[in-house]
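Thank you all for coming.

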Amino acid sequence: MGPPAQHPAAEIVPLTGPQTHIPASAKPPPGGPRRFVRQQIPDDILHNPALNEAIKVLPVNYNFEIHKTVWRLRGAGAKAVALQFPEGLLAYAGVIADILERFAGVEHCMIMGDVTYGACCIDDFSAQAMGADFLVHYGHSCLVPVDITSIPCLYVFVDIAIDVEHLVGSINLTFPPGAQLVLAGTIQFSSAIQAARSALAPSFPSLSVPGCKPLSPGEVLGCTAPVLTTHADAIVFVADGRFHLEAIMIANPTIPAYRYDPYARKLTREYYDQAGMRAARQAAVEAARGAQRWGLVLGTLGRQGNPAILNRLQDIFAARGIERTTFLISELSPQRLALVNGIDAWVQIACPRLSIDWGEAFPQPTLTPYEALVALGAVPPWWEQPTPDQKEQQCESMPAGPEPKHPQQQAQGVLSDASPATTAAETSPALQACGADDSSDCTCSNKKSSAIQGSATQPQPSSALHSTSPLVNLEDIGGRGGMAPYPMDYYARDGGPWNSSYHKAPPPRASVRVKQ
């Protein structure tokens with residue numbers, strides 16, 4: 001093999017408009033690559049004294065991306081702008097509306113007051129109906145792509161700056177060096193998670209920040225969490241509540257979980273009744289199997305309900321000759337469904353956590369789309385999937401083989417021509433058994449892990465944060481490896497056919513096949 005080819009130096013070409021210009025050190029030879037560097041937000045916005053003074057009214061550790069929003073609204077020529085906030089950020093809505101009307105050329109800002117649980121609740125339909133020509137959605141990641149929304153939309157994550165040094169010190173104090181940790185959290189603390197990862201690397205070189213596309217690295221939703229594909233001793237989750245944390249706990253039932261609350265400045269061990277939840281959901285699925293008349297609920301709180309899932313389920317019911325009725329409901333509750341007579345079982349296409357968290361309060365079995373497919377026999381149930389202990393045994397006994405199918409192929413195979421023998425192994429990444437790969441080592445996501453005993457609360461003075469004596473020891477927990485993951489891939493790009501992701505093309509309806 002000869003020496004590597006020598007590529008000509010790149011030429012930096014000035015652009016018209018605001019920009020950052022990097023001068024070329026020498027004139028490149030003809031035919032060299034031409035690279036462009038542009039600073040998107042112009043200086044008259046970034047360095048506007050009046051605008052920067054107005055921004056000081058907002059909390060200094062909350063990044064509302066005001067400069068970027070002003071630039072985008074000016075560029076779009078937006079005159080009527082709708083602002084959508086979760087309840088925790090509504091206190092700042094009036095200030096932000098005043099700033100945008102003064103500096104972005106907006107004639108009228110409308111603050112949307114309906115409850116907003118997540119990015120699935122983005123309400124571009126209502127904003128458009130109110131006459132808005134632009135929507136700014138705060139506090140959540142972009143689950144619904146901006147090329148799908150009915151009007152132009154901007155997502156502002158609202159990154160919150162926290163005491164990263166305290167987070168790092170708490171982890172160093174709690175876990176022994178070399179522990180295999182997983183660091184994740186909500187989107188507001190994404191920057192802090194990445195900063196903590198770098199600071200923790202010397203003590204925890206194997207620390208990972210998992211990804212679940214299309215989410216940002218380390219981001220977890222209440223309905224979407226990654227299934228960890230390597231051994232881990234513990235999950236450290238940065239959040240001020242448990243809702244999102246529970247999703248990654250459900251998806252990885254054998255891995256101990258800890259939560260760092262950046263406001264209380266505490267690191268605590270968290271628990272979840274994995275067996276109880278799975279028993280309750282299995283009972284609901286089995287009770288729904290004999291239903292003669294089904295109710296299909298499409299959530300209408302923003303885009304919480306994905307019509308693609310509704311169409312998919314309607315195809316299955318039609319193929320089976322099962323009677324069903326479709327309901328449009330914005331706020332689903334047991335009291336609301338109790339008003340309807342003649343329904344034997346429900347499937348709600350809104351938020352899967354409504355069924356997981358509150359399912360026993362509903363008068364009839366109320367299933368998630370995944371659970372409905374299980375009840376209809378279209379996909380195998382999670383309780384029949386290999387447990388982590390069984391996966392480990394398979395890894396020890398099976399020789400290396402071909403790579404498993406791409407998750408998208410798996411998802412399409414479930415409702416197409418796949419036979420029962422193949423559907424059991426080709427449903428979702430969350431339900432796959434250990435796939436043989438080119439490595440001789442087992443890398444099952446739930447390989448019998450080490451547990452972390454004990455609990456850590458608010459660390460002591462800063463001098464103690466760098467203690468070399470951990471508060472916990474890594475010991476074999478045993479007994480928890482006999483539980484298969486329950487799929488939490490509701491918005492994952494590579495999720496199963498019950499999935500609500502807008503980031504992949506839905507399978508053609510004409511190709512759906514359901515065996516009797």
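This is a predicted model: local features need pLDDT of at least 70, side-chain atom pairs count only at pLDDT 80 or more; totals for chains, interfaces and linings use all residues.

Residues are numbered from 1 along each chain as its sequence is written, and side-chain values use heavy atoms, with hydrogens and water left out.

The chain has 16 helices and 18 strands, where helices (H or I, at least four residues) and strands (E, at least two) are DSSP runs numbered from the N terminus. Of its 516 residues, 51% count as buried; buried means under 20% relative accessible area, exposed over 50%, and partly exposed in between, with a 1.4 Å probe and protein chains only. If we take contact to mean heavy atoms within 4.5 Å, then among contacts between residues at least 6 apart in sequence, 69% join residues at least 24 apart.

Let me turn to the cores. A nonpolar core here is a set of buried Ala, Val, Leu, Ile, Met, Phe, Trp, Tyr and Cys residues joined through side-chain atoms within 4.5 Å. The largest has 60 residues, and those with the most contacts inside it are Ile-248, Trp-294, Leu-313 and Tyr-486. Several elements each supply at least two residues of this core, among them strand 9 (181–185), strand 10 (234–238), helix 9 (274–288), strand 13 (293–299) and helix 10 (307–320), but it is helix 8 that gives the most, with six residues. Leaving out residues up to four places away in sequence, Ile-248 touches Ala-184, Val-220, Ala-225, Pro-226, Ile-235 and Phe-237. A second, separate core of 54 residues includes Leu-73, Val-156, Leu-167 and Ala-179.

Phe-317, in helix 10, counts as buried because its relative accessibility is 0%. Beyond its neighbours within four places in sequence, Phe-317 is in contact with Trp-294, Leu-296, Ile-322, Arg-324 and Leu-376; the C-alpha atoms of Phe-317 and Trp-294, which are 23 residues apart along the chain, are separated by 9.0 Å. Gln-274, found in helix 9, is likewise buried, at 6% relative accessibility, and, with residues up to four places away again not counted, Gln-274 touches Met-249, Ile-250, Pro-253 and Met-483.

On a 1 Å grid over the protein atoms alone, a cavity is a set of points where a 1.4 Å probe fits but cannot get out, a pocket is an open set with protein on both sides within 12 Å along at least five of seven lines, and lining residues have an atom within 4 Å of a point. Grid points are joined across faces, edges and corners, and a volume is the space filled by probe spheres set on the points. The count comes to five cavities of 30 Å³ or more, and about 80 Å³ of space lies in the largest cavity. Its lining includes Cys-223, Tyr-370, Tyr-486, Asp-489 and Trp-498.

And how much space lies in the largest pocket? The answer is about 1,200 Å³, lined by 47 residues, of which Tyr-117, Gly-118, His-140, Phe-243 and His-244 lie nearest the centre of the pocket. Helix 12 (352–358) gives the most to this lining, with five residues.

On the cysteines, I can be brief. With a disulfide taken as a pair of cysteine sulfur atoms within 2.5 Å, the count comes to zero. Cys-120 is in no disulfide, the nearest cysteine sulfur, that of Cys-121, being 4.0 Å away; Cys-120 counts as buried, at 12% relative accessibility.

Finally, the backbone. Most residues other than glycine have a negative phi, and most peptide bonds are trans. Here, a cis peptide bond joins Lys-213 and Pro-214, with omega about 15 degrees, and Pro-214 sits in the loop between helix 7 (190–200) and strand 10. Val-158, not a glycine, has a positive phi of about 60 degrees, and lies in the loop between strand 7 (153–156) and strand 8 (159–160). Val-158 is buried, at 0% relative accessibility. Arg-265, also with a positive phi, near 55 degrees, is partly exposed because its relative accessible area is 30%.
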